Amino acid sequence: MPASHTRAPWHMELYINETDMKFPPNIIGIRDNYPVATCGGLDEETDEANGRLIAAAPELLAACDAAVIALLEDYSSHRDSEAKVNAVHLCRAARIKAVK
């Protein structure tokens, strides 16, 4: 299934004007230089933390997919541990939320 979001990788850009005023972070899709999101409204530290998290979103989605595959292919035990079942559940829930 093709991605319905701007293709990875993404990066965060911080803009500072000529009077040293810092603007909220922008998240940019590197491959096509497409703006993905702007993180603003709270405070500078929170905006930048949100920007870093959003910029990592494509890699986090790929990590969830890889984790589910790795966890489900682990045939070393006959019974899945509660931690393994919980990890698969959390990864799948995050993926559903991200992709819809």
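Trainee: Why is Asp-20 called exposed?

Mentor: Asp-20 has a relative accessible area of 66%. A residue is called exposed over 50%, buried under 20%, and partly exposed in between, with a 1.4 Å probe and protein chains only. Asp-20 is therefore exposed. This is a predicted model, in which local features need pLDDT of at least 70 and side-chain atom pairs count only at pLDDT 80 or more, while totals for chains, interfaces and linings use all residues. Residues are numbered from 1 along each chain as its sequence is written, and side-chain values use heavy atoms, leaving out hydrogens and water.

Trainee: What makes Pro-25 a buried residue?

Mentor: The relative accessible area of Pro-25 is 2%, so by the cut-off already stated it is buried. Pro-25 also belongs to the loop between β1 and β2. Beyond its neighbours within four places in sequence, its contacts (heavy atoms within 4.5 Å) include Met-12, Ala-37 and Asp-47.

Trainee: How do you know that the side chain of Asn-17 makes a polar contact with that of Thr-19?

Mentor: The distance is 2.8 Å. A polar contact is a pair of N or O atoms within 3.5 Å; within protein, one must be able to donate a hydrogen and the other to accept it, and residues adjacent in sequence count only if both atoms are side-chain atoms.

Trainee: What joins β2 to β3?

Mentor: There are 4 bridges between β2 and β3 (residues 34–38), which run antiparallel. Two strands pair if DSSP finds at least two bridges between them, so β2 and β3 are paired. They form a hairpin with 4 residues between them, and Asn-26 stands opposite Thr-38.

Trainee: How does the reach of helix α2 compare with the span expected?

Mentor: Helix α2 (residues 57–72) has 16 residues and reaches 23 Å from its first C-alpha to its last, close to the expected 22 Å. That expected span is 1.5 Å times one less than the number of residues.

Trainee: Which residues of α2 are buried, and why are they said to line one face?

Mentor: Pro-58, Leu-61, Cys-64 and Val-68 are buried. Seen down the axis of α2, the buried residues fall within an arc of 125°, so they line one face of the helix. The arc is that of the directions from the helix axis to the C-beta atoms.

Definitions and conventions:
Helices (H or I, at least four residues) and strands (E, at least two) are DSSP runs, numbered from the N terminus.
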